[in-house]
Amino acid sequence: MSWAIPTLILVTFLVYIALRLGTDPLQSYLRTNPRATRVKIAQYKAVNGLSSNYVLGYFHWLKNFVTFNWPRSIKGSREVWPELKDSLVNTIRLGSLATFVGVVIGLLVGMFAALKPGSRRDVAVNTVAFLGISIPPYISAVLFQLLFAVYWSRWFGHTLFPTSGVYPPGHTGFDLLLMLKHMALPTIVVAIQVVAVYSRYMRSSLLDVLNSDYMRTARSKGISERQILFKHGVRNALIPVVTIAALDIGSIIGGLIISENIFSYPGMGVYFLSAFATGDFPLLMPWMVLVVASTLLFNLVADVSYAFLDPRIRLD
Amino acid sequence: MAMRRFLSHKAAVGSCVLLGIMVLAVILSPITTRYGVNEQVRKPPNTFLPPSKLAWFGTDEIGRDMYSRLIYGIRVSLVIGLFTALISTVVGCVVGAVAGFRGGRFDDIVMRVTDLFLAFPFLVALLVIRNTIGNIGWLTAIIGDKSSARFVVFLLSIFGWMGVARIVRGQILSLKEREFIEAARAVGATRRYIVRAHLLPNSIGPIMVSLSFAVVGAITAESTLAFFGYGPQAGDGATSLGILVGAAKGAVQSGYWWIAVFPCFALVLISLAINFIGDALRDATDPRLDRGE
């Protein structure tokens with residue numbers, strides 16, 4: 001477990017170099033402020049620690065980052081943290097809802113298919129899961145947008161699910177129902193992927209368990225089918241699934257980025273792509289740190305939960 | 001045996017036929033397309049015409065035939081997908097074989113890096129690395145600048161080999177303890193010979209499976225990049241599935257459904273077909289797999 005912090009530092013260092021090389025923060029500053037004076041440029045370089053020595057520059061950045069002395073964004077010279085915090089909250093809301101819905105449905109569907117392997121419903125579930133895997137999130141998003149933004153109101157005369165934002169423009173205050181309506185489509189887009197992946201994991205994992213010897217033993221002891229399924233079957237089948245779940249965070253974040261951008265949902269994905277398009281270094285670095293840290297964190301969770309669920313495995 | 005099992009997978013056979021038809025349509029594009037890639041179907045007004053006899057799949061914002069452009073787009077995407085998958089598979093096989101056979105520190109480092117990249121959001125890594133290597137002068141001299149198809153193939157190959165390497169490594173790890181390898185070693189075969197003559201040929205099943213998934217991965221990744229405007233650029237009106245799907249983004253709000261539906265449908269069909277083939281290959285080549293019947 002002790003590798004997490006050094007890995008975080010190493011990876012953020014690599015990201016730092018990659019971003020410095022790739023977006024060239026000085027160039028993007030000059031692009032947005034074409035008439036910056038020499039003093040201004042020197043000041044900007046000093047604040048961001050943009051020395052030509054990347055190692056020094058990285059440690060300068062790291063010191064500022066840790067002491068929460070973050071430089072302002074290039075475009076509009078805004079504070080970074082409030083913006084990052086808002087988009088983080090929005091994304092966590094969307095991401096956890098989509099993951100929860102997706103995992104629950106996926107596991108249930110996987111169980112449903114595994115109980116009667118080879119049957120018609122198994123084939124149907126398999127085919128639908130395949131379809132789900134083969135539809136990239138931006139395609140389902142575009143098709144949903146087409147359906148709900150244009151055709152639903154044309155056919156039925158009202159909007160069922162709005163296709164952009166968290167609230168309609170000009171709305172103030174908190175309204176759960178309205179918010180959920182806006183979140184419905186982005187959630188579905190991400191959840192489709194999750195359902196497709198998890199139903200397949202769950203199906204194969206549960207099939208492995210159901211064909212194992214201890215299930216026969218349990219049955220021979222005369223325990224009811226329901227108890228066998230839940231106490232012995234599902235619990236053991238969940239072990240590999242939980243581990244994969246924690247490692248799957250990357251693809252969920254990827255799906256969120258795409259879904260948020262198409263539905264203009266103001267989260268981390270919109271934040272990232274707009275900052276990336278303008279090459280806004282001060283905005284990008286904290287975002288990257290958050291994503292790298294959460295990737296590592298979920299890797300850690302995977303290890304720990306695996307050991308926790310399966311006592312035969314020891315962490316060293 | 002494997003062949004017969006593959007043929008018993010009906011969806012996969014259907015997918016092969018479908019892909020075959022698509023490849024034929026692409027190869028015979030002088031016959032199958034109705035207009036040039038940049039040709040307008042008629043004199044203006046010709047923009048956003050709905051599907052009709054004149055243009056089967058409608059026309060786009062400057063009056064070009066969507067049906068013909070779709071075929072040109074599939075051509076570019078298939079080429080990018082195949083080349084990326086081939087490069088990734090070769091690199092992945094070499095790295096995976098060395099890591100699995102040698103073990104030790106090289107294995108540790110490769111697997112750690114692979115884990116990290118597989119866990120990291122793919123799109124983010126792709127975009128960041130795209131900019132980084134796009135700014136390295138001597139490299140772009142070889143692989144072309146950011147908007148060329150060659151560059152996209154190179155970029156996608158950087159990530160593509162990892163999944164293959166992991167599968168090949170696992171396969172080699174389990175094979176190298178088997179008796180026939182021990183026998184080969186006993187008669188004095190060199191390590192290089194063992195890897196080349198015994199280990200890799202015996203891993204051909206998993207390699208084929210990961211090759212097919214690599215093709216899907218590359219095609220989807222290319223279109224994801226293009227969707228957000230970071231893919232191969234439409235120089236001289238050249239196109240790809242990704243560019244066509246990306247154009248759909250702007251067209252849906254105005255209700256031009258044909259711009260969105262046909263490219264999306266083609267992309268989904270292709271990836272569905274290749275996924276089915278990969279799945280059938282896995283079933284056919286893995287003798288341990290019990291399909292639950």
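Guide: Welcome! A helix here is a DSSP run of H or I that is at least four residues long, and helices are numbered from the N terminus. Please keep in mind that this is a predicted model.

Visitor: In which helix of chain B is Ala221(B) found?
Guide: Chain B has 13 helices and zero strands, and its elements run α-α-α-α-α-α-α-α-α-α-α-α-α from the N terminus on. The one that holds Ala221(B) is helix α11 of chain B.

Visitor: Does Ala221(B) count as buried or exposed?
Guide: A residue is buried if 20 or more other C-beta atoms lie within 10 Å of its own. Ala221(B) has 24 C-beta neighbours inside 10 Å, so this residue counts as buried.

Visitor: Leaving aside neighbours within four places in sequence, with which residues is Ala221(B) in contact?
Guide: Asp108(B) is 113 residues from Ala221(B) in sequence, and their C-alpha atoms are 28 Å apart in space. With neighbours within four places in sequence left aside, the contacts of Ala221(B) are Leu126(B) and Leu156(B).

Visitor: How many Å does helix α6 of chain B reach from its first C-alpha to its last?
Guide: This helix covers residues 122-134, which makes 13 residues. At 1.5 Å a residue, 18 Å is expected, and the helix is close to that, with a reach of 18 Å.

Visitor: Against which elements do the buried residues of α6(B) pack?
Guide: The buried residues of α6(B) are Phe122(B), Leu123(B), Val124(B), Leu127(B), Val128(B) and Arg130(B). Their packing partners come from both chains. In chain B they are α8 (149-175) and α11 (204-227), and in chain A they are α1 (4-23), α11 (249-262), α12 (268-278) and α13 (281-309).

Visitor: Which residues does Gly134(B) touch, not counting those up to four places away in sequence?
Guide: Gly134(B) is found in helix α6 of chain B and is partly exposed, with 19 other C-beta atoms within 10 Å. Its C-alpha atom is 6.4 Å from that of Asp145(B), 11 residues away along the chain. Not counting residues up to four places away in sequence, Gly134(B) touches Thr140(B), Asp145(B) and Lys146(B).

Visitor: Which element gives the most to the side of chain A that touches chain B?
Guide: The contact takes 36 residues from chain A and 34 residues from chain B. On the side of chain A, the elements giving two or more residues are α1, α6 (120-134), α7 (137-156), α11, α12 and α13. The residues on this side divide into 27 nonpolar, nine polar and no charged. With eight residues, the element that gives the most is α7(A).

Visitor: What percentage of the residues in chain B is buried?
Guide: The C-alpha atoms of chain B fill a box of roughly 80 × 50 × 30 Å along the principal axes. Of the 293 residues in this chain, the buried share is 44%.

Notes:
Residues numbered from 1 in each chain as written. Chains lettered and ligands numbered in written order. Predicted model: local features only at pLDDT ≥ 70, side-chain atom pairs only at ≥ 80, totals over all residues. Expected span 1.5 Å × (residues − 1). Buried ≥ 20, exposed ≤ 12 C-beta atoms within 10 Å, placed from the backbone. Contact = placed C-beta atoms within 7 Å. Nonpolar A, V, L, I, M, F, W, Y, C, P; charged D, E, K, R; others polar.
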